[in-house]
Amino acid sequence: MITDLIIIGGGPAGITASVYASRKKMNFLLITKDIGGQAAWSSDVENYPGYQFITGPDLVEKFQEHMQKYTIQLRENEEVVELEKKDGIIYIKTTKASYEAKTAIVASGKKAKEIGVPGEKEYKNKGVAYCVTCDGPLFAEKDVAVIGGGNSALDAAMQMMNIANKVYLINITDKFTGDAVTQEKLKNNPKITILHNTRIESITGDKFVKGINVDIRGKKQAIDVKGVFIEIGLMPNSWFAKDIDKNKKGEIKVNCANETNIPGIFAAGDVTNVPEKQIVIAAGDGAKAALGAFRYLARLKY
């Protein structure tokens, strides 16, 4: 069966798109690996309208409650592996099935970057992690390292300073790029050791992580830690959309109406080239994309 719309991704953009598509009485599917996306990884959210403070998981729960007010055909735990348009129909293949639609919204977000050092792959899920919200509690009262200097790394360190015994915040440059307010909170916490101009060279251990080897301004040093949280940024989940125009970062190019270069295919949220990656921006993009898909369908003659 050919549906009106398929939404790829269950983060803020995809969830908002599904709510708008439901209200427009569109026949659609929402395909996602999980509900919440990166928003579910956030600890403190203080800039989403209507909430002076809310945690990421709690905000995602609110999103889900909103979704449950509508009849949404959800295909969870599915990953899209191919998307193409032929003869006016959009064909989508996942790890479980194949689908056809008249329009599509790519809202697949981003995934964590790897640092590519010896030991990273060997100790993944054995002390090496990419999600503090998910895995942080496993390292209670232990020494850990957080790698990165942006907001994701600062947020991870903020979470871990309430969980771990000691947190080494390792930044490859001479200053952080994250929010100044968060930086001040970290600088004033005795559990945090900040190491600027420091490069991680390898992750060591046996069955699990036991430490890291670093280069601090040319001086080699070994640091004993039980956990390593890699927070050096994200890359867009856009590889499956081979015919859609992207920038050098792999982000899908969209115009102000969230249209891609392929008519009928829209994109929203962090997978696109919008200049700021924020929950509220992703949600707004999802709304625009859904309304754009609705207008596109209204012009079609089937």
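Let's start in a loop: Asp87 sits between strand S6 (80-86) and strand S7 (89-94). Helices here are DSSP runs of H or I with at least four residues, strands are runs of E with at least two, and both are numbered from the N terminus. Bear in mind that this is a predicted model, where local features need pLDDT of at least 70, side-chain atom pairs count only at pLDDT 80 or more, and totals for chains, interfaces and linings use all residues. Residues are numbered from 1 along each chain as its sequence is written, and side-chain values use heavy atoms, with hydrogens and water left out.

Back to Asp87. Its phi is positive, about 50°, although Asp87 is not a glycine. Asp87 is exposed, with a relative accessible area of 84%. You'll find Asn125 in the loop between strand S9 (110-112) and strand S10 (128-129), and with a relative accessible area of 67% it is exposed.

Now for the helices. Two packed helices are described by the angle between their axes and the distance between the axes. The axes here are lines fitted to C-alpha atoms, for helices over the stretch in contact, with angles running from 0 to 180 degrees between N-to-C directions. Take helix H1 (residues 12-23) and helix H6 (residues 279-299): their axes come within 7 Å and cross at roughly 35°. On the H1 side, Pro12, Ala13, Thr16, Ala17, Tyr20 and Ala21 meet residues of H6 including Ile279, Gly286 and Leu291. Contact means heavy atoms within 4.5 Å. The residues of this contact divide into 11 nonpolar, 2 polar and no charged. (Ala, Val, Leu, Ile, Met, Phe, Trp, Tyr, Cys and Pro count as nonpolar, Asp, Glu, Lys and Arg as charged, and the others, Gly among them, as polar.)

H1 has another partner, helix H2 (residues 56-67), and these axes come within 10 Å and cross at roughly 20°. H1 and H2 are therefore roughly parallel to each other (an angle under 35 degrees). Pro12, Ile15, Ser18 and Val19 of H1 meet Phe63, His66 and Met67 of H2. By class, that contact has 5 nonpolar, 2 polar and no charged residues.

Next comes helix H5 (residues 180-187), where Thr182, Gln183 and Leu186 are buried. They cover an arc of only 105° around the axis, which puts them on the same side of H5; the arc is that of the directions from the helix axis to the C-beta atoms. The face turned away from this buried side carries the exposed residues Ala180 and Val181. What do the buried residues of H5 pack against? They pack against helix H4 (151-160), strand S12 (166-170) and strand S13 (192-195). The axes of H4 and H5 come within 10 Å and cross at roughly 35°. Leu154, Ala157 and Met158 of H4 make this contact with Thr182, Gln183, Lys185 and Leu186 of H5.

Our last stop is Phe266, in strand S19 (residues 265-267). At 3% relative accessibility, Phe266 counts as buried. Leaving aside residues up to four places away in sequence, Phe266 touches a group that includes Ala104, Ile105, Val106, Ala293 and Tyr296.

Key
Angles under 35 degrees count as roughly parallel, over 145 as roughly antiparallel, 65 to 115 as roughly perpendicular and the rest as oblique. Buried means under 20% relative accessible area, exposed over 50%, partly exposed in between (1.4 Å probe, protein chains only).
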